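Open the model in your viewer and keep the selection panel at hand. The tour goes from one selection to the next and says what is there.

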Amino acid sequence: MARRNPERRTALVDAAIEVLAREGARGLTFRAVDTEAGVPTGTASNYFANRDDLLTQAGARVYERLQPDEATMEGTRTAPHDKETYTRLMRELVGRISAFRTGYLALLELRLEATRRPALRSILTERVRADVEQNVTFHETSGLPGDATAVKLLILTLNWLVVEQLTLPDVFSEEERDALVAAAVDRIVFARQDVG
């Protein structure tokens, strides 16, 4: 029977994220999670039905921790809907994701593991699809410029920029990263095609 102490469960899931980022999915064991969390051996096995349960909950927790705070969301709703605001928002997004390095690396590990585990792939597909839809819906209801396709293209573009920053941080400087974010916003959202 799974234990119900929510603080302990959260600490264990956060420890699993750290293990995933450092050791990869193959290194994610209950013992490794117990060690990372600083709890007695056997604790994680009391909280998670199996390794798949732990993997799934780690992925959900990363998304939970990556959500912007309410002040950021309110700022988005009340700010002017111009190129400068849009660029600032995208830079904040990239910065927030990059700041949670282990979380994003853990997500990459989960995605790789999902190629070998159909159940995990199904769960991640559902979660990522819901995240994309939530971003599109927020974008459309906030009145920001651009359409659903622009949002999806920005997600794809900025996700790879984050991967580059977290795995090979010397490829682009912070200034180059900021310039690339601005260029992505400009070309994907604000570019106007001349009709001849």
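Which residues does Glu-113 touch, not counting residues up to four places away in sequence? Select Glu-113 and look around it: the residues it touches are Ala-25, Arg-51, Leu-55 and Leu-120. Glu-113 is found in helix α7. Its relative accessibility is 4%, and because buried means under 20%, Glu-113 counts as buried. Gly-24 and Glu-113 are 89 residues apart in sequence, but their C-alpha atoms are 9.0 Å apart in space.

Before going further, colour the chain by confidence. This is a predicted model, and its pLDDT averages 91 over the chain, with 96% of the residues scoring at least 70. Helix α5 (residues 70–78) has the lowest confidence, at a mean of 81, while α2 has the highest, at 98.

Next, select helix α1 (residues 6–23) and helix α2 (residues 30–37). The two helices pack at an angle of about 110 degrees, and their axes are 8 Å apart. Angles of 65 to 115 degrees count as roughly perpendicular, so α1 is roughly perpendicular to α2. On the α1 side, the contact is made by Ala-11, Leu-12, Ala-15, Ala-16, Glu-18, Val-19 and Arg-22. On the α2 side, show Ala-32, Val-33, Asp-34, Glu-36 and Ala-37. Sorted by type, the residues of this contact are eight nonpolar, no polar and four charged.

Stay in this area and select Thr-43, which lies in helix α3. With a relative accessibility of 8%, Thr-43 counts as buried. Leaving aside neighbours within four places in sequence, Thr-43 is in contact with Arg-8, Leu-12 and Asp-34. Leu-12 and Asp-34 also take part in the contact of α1 with α2.

The last stop is the largest nonpolar core, which has 48 residues. In soluble globular proteins, nonpolar side chains tend to be buried together. To find the core, select the residues with the most contacts inside it: Leu-20, Leu-28, Val-33, Tyr-86, Met-90 and Leu-154. Helices that each supply at least two residues of this core include α4 (51–66), α6 (83–99), α8 (118–142) and α9 (148–167). Helix α1 gives the most, with eight residues.

Apart from neighbours within four places in sequence, Leu-20 is in contact with Ala-25, Leu-28, Leu-55, Ala-58, Ala-106, Glu-109 and Leu-110. Ala-25 and Leu-55 are also among the residues that Glu-113 touches, where the tour began.

Methods. Residues are numbered from 1 along each chain as its sequence is written. This is a predicted model: local features need pLDDT of at least 70, side-chain atom pairs count only at pLDDT 80 or more; totals for chains, interfaces and linings use all residues. Side-chain values use heavy atoms; hydrogens and water are left out. Axes are lines fitted to C-alpha atoms, for helices over the stretch in contact, and angles run from 0 to 180 degrees between N-to-C directions. Helices (H or I, at least four residues) and strands (E, at least two) are DSSP runs, numbered from the N terminus. Angles under 35 degrees count as roughly parallel, over 145 as roughly antiparallel, 65 to 115 as roughly perpendicular and the rest as oblique. Contact means heavy atoms within 4.5 Å. Ala, Val, Leu, Ile, Met, Phe, Trp, Tyr, Cys and Pro count as nonpolar, Asp, Glu, Lys and Arg as charged, and the others, Gly among them, as polar. A nonpolar core is a set of buried Ala, Val, Leu, Ile, Met, Phe, Trp, Tyr and Cys residues joined through side-chain atoms within 4.5 Å. Buried means under 20% relative accessible area, exposed over 50%, partly exposed in between (1.4 Å probe, protein chains only). pLDDT is the predictor's confidence in each residue, from 0 to 100.
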